[in-house]
Amino acid sequence: MRCLTLAAEMQQRDADVIFVCSAETAETVPALTRSGTEWLVASEDDWNAALAGGKFADTRIDLIVVDSYRLGEPFERSLRRHGCKILVIDDAPTRSHECDLLLDMTLDRSAEDYAGLVPDDCRVLVGSRYMLVRRAFAELRPASLARRNAPSELKSIFVSLGLTDVGGRTAGIVRSLASIDNTSRIVVVIRQSAPSFDEIIALQQEVRRVEIHVAHPEIAELMASADVAIGAPGTSSWERCCLGLPSILIIVADNQSANAEALERAGAARIVPIDSDVPEAVSRILRDLAIRPDELGRMSRLAAGVCDGEGAPRVAAAIDETLRPEGATRLNLRRATANDARRLWRWRNDPDARAMSGDSQPVPWDTHAAWLGKRLMDPSTLIFIVEVDGRPCGNIRFDTELTGTAVISIAMASYIRGLGHGAAALRLACREAFRQRFCECIKARVKRENFVSQRIFLKGGFLPAGEDTEFLFYVLPAHAAAQGESSTTDARG
């Protein structure tokens with residue numbers, strides 16, 4: 001799951017991602033299949049064979065990510081044959097690694113812990129700043145934290161010990177929770193094949209406030225609406241912290257103890273002792289928190305301080321810095337084609353982009369694909385893809401509204417914002433639209449609260465041209481765009 005989170009972030013940055021996994025992965029992690037990401041079955045004898053042969057034999061590889069407790073330095077060294085950089089994900093500084101980047105998200109981990117275990121020039125990313133949390137949790141974080149600012153009673157409990165329900169403990173815990181009268185909602189997320197599933201289904205018939213969600217895709221929303229969570233101290237711990245959700249932790253694997261203890265020290269969680277009666281211990285902790293709402297609020301604030309949900313973008317930025325050659329950045333334009341459909345769709349549905357759009361609703365893929373097909377054939381529409389050092393990172397669209405006048409819209413990928421490319425791309429695109437005689441004047445409308453776009457249009461030479469209750473309007477005549485040519489940009493039709 002943490003690799004899928006990183007893959008999604010890199011795909012937002014226009015990377016092509018391939019997973020190489022064991023044959024059992026699709027069944028164990030169904031989210032991989034649902035993601036649509038291409039993956040190969042690896043041989044137990046030679047994992048390199050999956051990359052060296054078959055249809056990817058001639059594919060250039062920029063980075064290999066290794067996340068395995070079984071494969072170590074000898075395997076990583078064998079990957080050097082592919083001539084690419086290597087990122088290793090680990091959570092215990094006990095093994096040597098051959099890599100260019102090492103990621104350890106363990107709370108309170110120090111880069112010095114890996115001294116002598118990685119090459120001298122390896123960049124080590126450690127601690128909660130780099131926790132790989134899915135974007136859905138980062139998006140819900142502000143609303144979830146705002147909900148917890150006001151004192152509230154402990155009414156809604158979220159329960160998930162992992163979809164596989166290791167040890168079959170979920171049913172006993174849920175039955176114990178059902179006996180607590182002041183809980184109004186018990187949310188259980190579990191897989192249908194889990195040992196406790198049938199018993200929990202039967203229990204739901206007796207206790208209507210028990211909700212069962214089978215591998216629910218909107219798990220972030222379920223967590224955000226809960227007052228406390230009961231779960232294992234694995235990857236989901238960081239998701240709960242991102243939402244400021246206090247946890248009661250049940251250790252279900254040997255390698256989870258250190259993580260659980262770190263979360264308890266941080267004040268974000270309480271641990272159920274391994275040798276205890278688990279349902280009784282959980283109920284005891286809940287009773288204590290129910291009569292101490294201030295303690296629940298304190299745990300929420302401390303949990304939110306553990307993880308801010310921005311770890312995946314930070315890791316992706318480190319990857320970009322490692323892979324990009326040093327030198328002057330070059331910005332180019334090219335005409336959009338049908339092959340750009342997916343990236344245009346991702347940029348359009350970015351939450352920040354939607355918030356500043358005239359229509360803030362997400363666009364379904366089928367709707368977008370049909371729309372783009374028509375636009376590419378429409379002579380009244382001109383779409384440019386913005387590339388920085390050859391990498392697509394945004395788009396600028398012109399739509400003729402009146403004779404000689406085009407309305408402009410611009411969308412840049414989230415990772416590129418704030419680097420100054422937006423204004424440069426805007427100037428280049430407007431000059432190109434005028435050069436192609438697509439229009440004689442360009443108009444823009446920007447939401448009043450979108451101060452970033454307002455600055456970009458003003459830097460791009462646009463002039464204020466009125467306003468209404470929601471938008472500010474700008475205009476650029478053809479003669480204004482002819483100024484400020486730059487030797488570091490070019491445009492290709």
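**Note on the predicted model**

1. Confidence overall. The protein chain has a mean pLDDT of 85, and 91% of its residues reach 70 or more. Keep in mind that this is a predicted model.

2. Confidence by region. Strand β5 (residues 101-104) has the highest confidence in the protein chain, at a mean of 96. Strand β20 (residues 489-492) has the lowest, at 46. Over residues 484-493, pLDDT stays under 50. For that stretch the model has 25 contacts beyond four places in sequence.

3. One pair within it. Strand β7 (residues 156-160) and strand β8 (residues 185-190) run parallel and are joined by four bridges. Ser156, for instance, has Arg185 of β8 as its bridge partner.

4. A helix pair. Helix α7 (residues 170-178) packs with helix α8 (residues 197-206) at an angle of about 15 degrees. Their axes lie 9 Å apart. Angles under 35 degrees count as roughly parallel, so α7 is roughly parallel to α8. The crossing of α7 past α8 is left-handed.

5. What makes that contact? From α7 come Thr170, Ala171, Val174 and Arg175. From α8 come Glu199, Ile200, Leu203 and Glu206. By type, the residues of this contact are four nonpolar, one polar and three charged.

How values were computed
Residues are numbered from 1 along each chain as its sequence is written. This is a predicted model: local features need pLDDT of at least 70, side-chain atom pairs count only at pLDDT 80 or more; totals for chains, interfaces and linings use all residues. Side-chain values use heavy atoms; hydrogens and water are left out. Axes are lines fitted to C-alpha atoms, for helices over the stretch in contact, and angles run from 0 to 180 degrees between N-to-C directions. Helices (H or I, at least four residues) and strands (E, at least two) are DSSP runs, numbered from the N terminus. Angles under 35 degrees count as roughly parallel, over 145 as roughly antiparallel, 65 to 115 as roughly perpendicular and the rest as oblique. A crossing is left-handed if the near helix is turned anticlockwise from the far one by less than a right angle, and right-handed if clockwise. Contact means heavy atoms within 4.5 Å. Ala, Val, Leu, Ile, Met, Phe, Trp, Tyr, Cys and Pro count as nonpolar, Asp, Glu, Lys and Arg as charged, and the others, Gly among them, as polar. pLDDT is the predictor's confidence in each residue, from 0 to 100. Two strands pair if DSSP finds at least two bridges between them.
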